[in-house]
Amino acid sequence: MPCADQRNWEPSGGNNGYILVTANGGMNQQRVAICNAVVLARLLNATLVVPKFMYSSVWRDVSQFSDIYQEEHFINYLTPDIRMVKELPNRLQSLDLEAIGSVVTDVDIPKESKPSFYLKNILPILLRNGVVHLLGFGNRLAFDPIPFQLQRLRCRCNFHALQFAPKIQETGALLLRRLLKHEGHSGPLDHYLVGPYADSIMKEKRGQSAKASRYLAIHLRFEIDMVAHSLCEFGGGEEERQELEKYREIHFPALAHLKKTTKLPSPAEIRSEGLCPLTPEEAVLMLAALGFNRKTHVFVAGAQIYGGTRRLGALNSLYPYLVTKENLLSATELEPFKNFSSQLAALDFIGCTAANAFAMTDSGSQLSSLVSGYRIYYGGGKMPTIRPNKRRLAAIFVKNSTIEWKVFEQRVRKAVRQTKHIQSRPKGRSVYRYPRCKECMCPTD
């Protein structure tokens with residue numbers, strides 16, 4: 001059962017200075033950065049300024065913290081843990097932080113750095129200048145080793161302090177109402193996802209007498225950025241290769257340069273290692289082999305799928321009850337979120353997390369990781385998640401030019417079953433994805 005809300009310490013005074021954080025990436029990467037920043041503020045006895053989000057040429061979203069999350073709840077909920085303010089004091093706002101050496105970029109901080117790194121390298125700057133700006137801060141704090149209470153604070157921030165802004169909750173409730181329009185009772189996670197708007201789902205459900213509607217959510221991590229960054233090929237020939245190369249030149253210049261100067265594994269080798277995202281066609285084959293038939297209601301999450309409607313054709317033909325947020329919500333209802341990819345991602349997060357079953361196509365996806373962790377934390381062991389072993393699936397898809405359907409079913413089910421063992425969080429793995437650990441969840445007996 002969830003227990004990350006339990007505390008066993010006094011509030012931090014935040015006396016050592018102020019931490020500014022500008023998080024990079026999309027909504028899910030930013031969420032991880034926020035939680036890391038909260039833990040860092042406690043570790044360094046610093047005052048945290050409400051995190052800001054960096055504009056990305058990939059995500060193209062100008063949303064800031066209060067556009068996505070409830071800022072007042074965030075501050076108030078974490079007050080027993082850290083001191084937090086909305087802005088730097090006036091005396092510090094006029095400082096040239098770069099000139100005084102208070103700007104620290106993600107290049108300066110190794111990925112998943114241990115707490116000792118921050119105590120040795122960041123705390124002295126904080127004490128000297130009274131402020132540190134972590135620019136591009138993301139996945140920069142290790143999961144192990146880290147003190148028990150700090151790990152618990154990480155979970156407390158993710159699962160309790162970060163609640164979506166009211167307009168996202170309200171539209172998220174509308175999305176769930178249309179996905180679950182014949183459900184006879186509230187979903188187990190509705191309250192945690194949409195707050196007071198969960199009541200509106202119940203009111204509409206009570207008026208329905210039809211058979212309950214259950215649905216499968218699938219996150220198709222097959223947007224052009226994922227496809228281009230994977231260095232895989234997806235059957236589009238020379239036209240596809242040129243298009244993805246051009247995208248890499250603009251958005252991933254370091255990767256494009258590496259590709260030209262270093263001998264990298266071939267697309268076939270990358271695929272055989274299970275490092276390519278599943279295509280929509282492969283996702284369809286996996287779901288069908290697992291027994292999801294044509295009557296299954298399917299909610300597809302994700303931004304613009306690479307290849308567009310042509311690529312989604314396989315899903316649509318096998319699953320006629322397939323929907324997305326774009327066709328469940330009207331243009332007017334989606335208008336407030338137009339051009340705000342992070343806010344749209346929050347709606348997908350709600351739709352996936354509340355689903356009766358959730359399937360991912362890329363276990364490395366931050367959205368899939370956060371959704372599956374949320375379902376573990378609040379789902380009471382009754383929220384199944386399908387996390388495929390892509391290396392085994394690749395072997396099935398690539399090595400069998402002809403195969404009988406029953407044999408294919410058996411192999412796919414075996415490949416998926418091998419990833420479904422219930423276990424405590426493995427050492428060093430994300431607590432957002434694997435919250436089943438003593439810091440975040442407690443035994444029920």
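Helix H22 (residues 405-417) supplies the largest share of the positive patch, with three residues. This surface patch is made up of Arg 392, Arg 413, Lys 414 and Arg 417. Keep in mind, as you look around, that this is a predicted model.

**Overall build**
- The protein chain contains 22 helices and 11 strands. Its radius of gyration is 23 Å, close to the 22 Å that the globule rule gives for 445 residues, so the chain is as compact as a globular protein of that length.
- The C-alpha trace spans about 70 × 60 × 45 Å along its principal axes.
- Buried residues make up 52% of the 445 in the protein chain.

**Salt bridges**
- The count comes to 20 salt bridges, and one network of them links Arg 7, Asp 81 and Arg 156.
- Glu 249 pairs with Lys 260, their closest N and O atoms being 2.6 Å apart. Glu 249 sits in helix H12 (residues 237-251) and Lys 260 in helix H13 (residues 253-261), so this pair ties together parts 11 residues apart in sequence. Glu 249 is partly exposed at 36% relative accessibility, while Lys 260 is exposed at 61%.
- Arg 391 and Glu 273 also meet in a salt bridge, at 2.8 Å from N to O. Here distant parts of the chain are linked, 118 residues apart: Arg 391 is in helix H21 (residues 390-399), and Glu 273 is in the loop between helix H14 (267-272) and helix H15 (280-289).
- Asp 362 and Lys 390 form a salt bridge at 2.8 Å, N to O, and both residues are buried.

Methods:
Residues are numbered from 1 along each chain as its sequence is written. This is a predicted model: local features need pLDDT of at least 70, side-chain atom pairs count only at pLDDT 80 or more; totals for chains, interfaces and linings use all residues. Side-chain values use heavy atoms; hydrogens and water are left out. Patches are made of residues with over 30% relative accessible area and no salt bridge: like charges are joined within 9 Å, nonpolar side chains (Val, Leu, Ile, Met, Phe, Trp, Tyr) within 5 Å. Accessible areas come from the Shrake-Rupley method with a 1.4 Å probe; for residues, only the protein chains shown count as cover. A salt bridge is a side-chain nitrogen of Lys or Arg within 4 Å of a carboxyl oxygen of Asp or Glu. Lys and Arg count as positive and Asp and Glu as negative; His and the chain ends are not counted. The place of a charge is taken as NZ of Lys, CZ of Arg, CG of Asp or CD of Glu. Helices (H or I, at least four residues) and strands (E, at least two) are DSSP runs, numbered from the N terminus. The radius of gyration is taken over C-alpha atoms; the globule rule is 2.2 Å times the number of residues to the power 0.38. Buried means under 20% relative accessible area, exposed over 50%, partly exposed in between (1.4 Å probe, protein chains only).
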